Amino acid sequence: MISNINKKKIIVTGCAGFIGSHLVDKLLAINLHVIGIDNYSTGNKKFLNKAFKNNKFKFFKSDLKNLVKLKKIFKGSSMVFHFSANADVRFGIKHPRKDLEENTIVTYNVLEAMRKNRISKIVFCSTGSVYGEPNKFPTPENYSFPIQTSFYAASKLAGESLIQAYCEAYGFKTWIFRFVSILGNRYSHGHVYDFYKQLMKHPNYLNCLGDGNQRKSYLNVNDCINAIILAIKRSKKKVNIFNIGTNEYVNVKQSINVICKYLKLKPKIIFTGGKRGWVGDSPFIFLSTKKIRLLGWKPKFTIKESIIQTIIYLKNNKWIFKKRK
Ligand SMILES: NC(=O)c1ccc[n+]([C@@H]2O[C@H](COP(=O)([O-])OP(=O)(O)OC[C@H]3O[C@@H](n4cnc5c(N)ncnc54)[C@H](O)[C@@H]3O)[C@@H](O)[C@H]2O)c1
């Protein structure tokens, strides 16, 4: 049992998403009552198939921008795992308001609904992108982030800040997790998704954003959920901030290599060029995970294993490509 999570109902926002749905399964597996909220904007009902069979799970199809409704749904709960977001970093410059609304204002709504219902514990999914383009690797949690390079990271950092202010003002307690990119079953957005989708259409060539030398760290979704649960159990400060990632990184060319080798394809790779794949893409993301490892956590999957697991999942679940651009 997680000592910081009591027996009352647990709220999970973004419960039908890639990571949120894994969290729901985990919380139900440890016998907790879960209230899931999602508007299915990028999430999938199918990800909740197992949860829907469990009478400890209650689902609300609702938009978190509706604060009035949120305050009602939160009634009688003890803790919030806030996992919803506009998680598509790349398209931020097409609609800057979306990140503000979905990531910052929605976080404010969640905090206000908590305050109204005297709920004081919040778990927040942030991102390694908040460090912008750091010059220290692996980047530790106490590294400064003076310049934001994407609307996504800016909106997440604003979310982190709001949560910290609520902790100070109203005695809230928080666990903020800055993830690297996550891979694994139910993966439904990101570079492996894009590459696999392209290769299904045209196995002979692959368009790749940037010069292919961008270096990124990746983590399996199961390792990610285990890290979150363990950190909540073992860290008891008012504000607990953790990076979550692996001790390795790969560049995009290496990642393509793993994918193509597994699929037995030899496409011509066409690079758009430049150090960044898009505006706001950080050419190197590699986080220090010393802090969470000191609590006794370590990942079980290598990056290569996670890429292959993701490809197998996508191969077996092609319906996913119809749901998301
Ligand atoms: N996937 C990654 O690599 C990664 C990396 C770092 C951080 N994160 C963060 O982790 C969290 C989960 O990401 P994910 O990959 O599962 O994304 P996802 O898009 O699969 O899940 C987000 C979920 O939130 C729901 N949602 C979005 N806006 C909503 C709203 N206004 N009202 C109700 N529901 C809404 C979506 O329908 C979806 O089910 C996000 O906060 C994301 O920013 C993800």
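By class, the shell around the ligand is made up of 13 nonpolar, 12 polar and 4 charged residues, where Ala, Val, Leu, Ile, Met, Phe, Trp, Tyr, Cys and Pro count as nonpolar, Asp, Glu, Lys and Arg as charged, and the others, Gly among them, as polar. The model is a predicted one, in which local features need pLDDT of at least 70 and side-chain atom pairs count only at pLDDT 80 or more, while totals for chains, interfaces and linings use all residues. Residues are numbered from 1 along each chain as its sequence is written.

Of the 29 residues around the ligand, those that come nearest are Gly 14, Gly 17, Gly 43, Ala 85 and Cys 125; a residue is near a molecule or strand if its C-beta atom, placed from the backbone, lies within 6 Å of it. At least two residues of this shell are supplied by each of helix 1 (18–29), strand 2 (34–38), helix 4 (96–116), strand 5 (121–127) and strand 7 (181–183), and helix 1 gives the most, with 3 residues. Helices (H or I, at least four residues) and strands (E, at least two) are DSSP runs, numbered from the N terminus.

The buried residues of helix 1 are Phe 18, Ile 19, Gly 20, Ser 21, His 22, Leu 23, Val 24, Leu 27 and Leu 28. Just after helix 1, Asn 31 takes a positive phi of about 75 degrees.

The protein is divided into domain 1 (9–182 + 220–244) and domain 2 (183–217 + 248–284 + 301–323), with bounds that come from an automatic or database domain assignment. Between these domains, 24 residues of domain 1 are in contact with 19 residues of domain 2, two residues being in contact if their C-beta atoms, placed from the backbone, lie within 7 Å. On the side of domain 1 that touches domain 2, two or more residues are given by each of helix 1, strand 7 and helix 7 (221–234), and the residues of that side divide into 9 nonpolar, 11 polar and 4 charged. The C-alpha centres of domain 1 and domain 2 lie 25 Å apart.

Strand 4 (residues 77–82) has 5 of its 6 residues buried, so this strand is largely enclosed by the rest of the structure. Strand 4 runs parallel to strand 1 (residues 9–13), to which 5 bridges join it, and pairs with strand 5 in the parallel sense over 3 bridges; two strands pair if DSSP finds at least two bridges between them. The bridge partner of Thr 13 in strand 4 is His 82, whereas Val 80 stands opposite Ile 122 in strand 5.

Helix 5 (residues 151–170) has 20 residues, and its buried residues include Phe 151, Tyr 152, Ile 163 and Tyr 166. What covers the buried residues of helix 5 includes helix 4, strand 5 and strand 6 (173–179). Helix 5 is followed by Gly 171, whose phi is positive, near 70 degrees.

An open sheet of 3 strands, with mixed pairing, has the order 12-9-14. Strand 12 (250–251) and strand 14 (284–285) stand at its edges, each with a single partner strand, so one side of each is left without a neighbour in the sheet.

Conventions
A residue is buried if 20 or more other C-beta atoms lie within 10 Å of its own, exposed if 12 or fewer, and partly exposed in between; C-beta atoms are placed from the backbone. The expected span of a helix is 1.5 Å times one less than its number of residues.
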